[in-house]
Amino acid sequence: ALLEKSSRGSSGNLVELLLRLYDAPTKFEHLTRKASFSVTNGVGVFLGASTVEWVHRTLTEAHVRRGLVSRFLWVLGDRKPKPLARRPAINEDGHKAFLALAAERLSAAAGKTFALTAEADALHQKRYELEYHRDDESDLQSAASARADGLALRLSLLLAIADGAKKVGLVHVEAAWAVVDYSRRVSGDLIEHISTKSRAGAESRVLGAARKTAEATGGPFTRRDVFQRVKGATGVPTDVFERAGKALLANGELIDAKLGKWKLAK
């Protein structure tokens, strides 16, 4: 629902609101059309679930480039080996014990500052440097994992608190980075789908514009003629347009008419 709503023009600044909340400011003020409110020392947790198919339909390149994807940890579930028609009841005693332990650990950590041990700090520094010099990802994949180091630190702190530790240790940083690396693989698959969908969409728009241009000119036309029809705030960027044009030429849907012009395949 978040991804679908944030793609609508009527959603206002929903994504920007979430980006501001990500850093948990000490005081947060928000104005709406009808009212305003402020929150002091607010903390929020955003947990969502969906099917892979639905995420494929609603997740867009804009979500990635605006920084929404990089602020979440992504987890992919597998189908259960045996169908489960009805979930069994949660063990009440175990549930109460868990809630009591969680409350105890969080209460003990409230208001405190946690340092990293020397070993934990060295590992995080090493991973940070690897992230800083990483060059094996596309720009879209890089945007999707831009906050890997920050997510790892946050998660390592939670793991330390869950352990009742007084410092963030090596085991916490190792585990946190393992989760972040896993999340990168999951989001990477989503990004690959977005890239494929974006390429297909761009090629379709360019070919449609080429057909309209051919009708208008009655013959060969320039790349610029076509680009004028697909550019704009919500249009096809120059680099995407060039890739789409090359793909359409390679597929034989457009023909190079020489002198910098194209024509439609018959």
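**Reading the terms in this model**

Author: Asn41 sits in the loop between strand 2 (36–40) and helix 3 (52–58). Helices (H or I, at least four residues) and strands (E, at least two) are DSSP runs, numbered from the N terminus. This is a predicted model, in which local features need pLDDT of at least 70 and side-chain atom pairs count only at pLDDT 80 or more, while totals for chains, interfaces and linings use all residues. Residues are numbered from 1 along each chain as its sequence is written, and side-chain values use heavy atoms, leaving out hydrogens and water.

Reader: Why is Asn41 called exposed?

Author: Its relative accessible area is 57%. Exposed means over 50%, buried means under 20%, and partly exposed lies in between (1.4 Å probe, protein chains only).

Reader: What makes the phi of Asn41 worth a look?

Author: Phi is positive there, about 55°, although Asn41 is not a glycine. Most residues other than glycine have a negative phi. Ala24 also has a positive phi, near 45°, and lies in the loop between helix 2 (14–22) and strand 1 (27–31).

Reader: How do you know that Ala24 is partly exposed?

Author: Its relative accessible area is 44%.

Reader: Why does His30 count as buried?

Author: His30, in strand 1, has 9% relative accessibility, under the 20% cut-off, so it counts as buried. Beyond its neighbours within four places in sequence, the contacts of His30 are Asn13, Leu17, Arg20, Ala35, Ser36 and Phe37.

Reader: How do you know that Ser156 is buried?

Author: Ser156 belongs to helix 8. At 1% relative accessibility it is under 20%, so it counts as buried. Not counting residues up to four places away in sequence, Ser156 touches Val168, His172, Val173 and Ala176.

Reader: Why are helix 5 and helix 8 called roughly perpendicular?

Author: Helix 5 (residues 92–109) and helix 8 (residues 148–163) pack at about 115°, with axes 8 Å apart. Angles of 65 to 115 degrees count as roughly perpendicular, under 35 as roughly parallel, over 145 as roughly antiparallel and the rest as oblique. So helix 5 is roughly perpendicular to helix 8. Here axes are lines fitted to C-alpha atoms, for helices over the stretch in contact, and angles run from 0 to 180 degrees between N-to-C directions.

Reader: Which residues of helix 5 and helix 8 meet?

Author: Arg105, Leu106 and Ala109 of helix 5 meet Ile161, Ala162 and Asp163 of helix 8. By class, this contact has four nonpolar, no polar and two charged residues. Ala, Val, Leu, Ile, Met, Phe, Trp, Tyr, Cys and Pro count as nonpolar, Asp, Glu, Lys and Arg as charged, and the others, Gly among them, as polar.

Reader: What makes helix 9 roughly perpendicular to helix 11?

Author: Helix 9 (residues 170–217) and helix 11 (residues 238–250) pack at about 75°, with axes 9 Å apart. That angle lies in the range 65 to 115 degrees, so helix 9 is roughly perpendicular to helix 11.

Conventions. Contact = heavy atoms within 4.5 Å.
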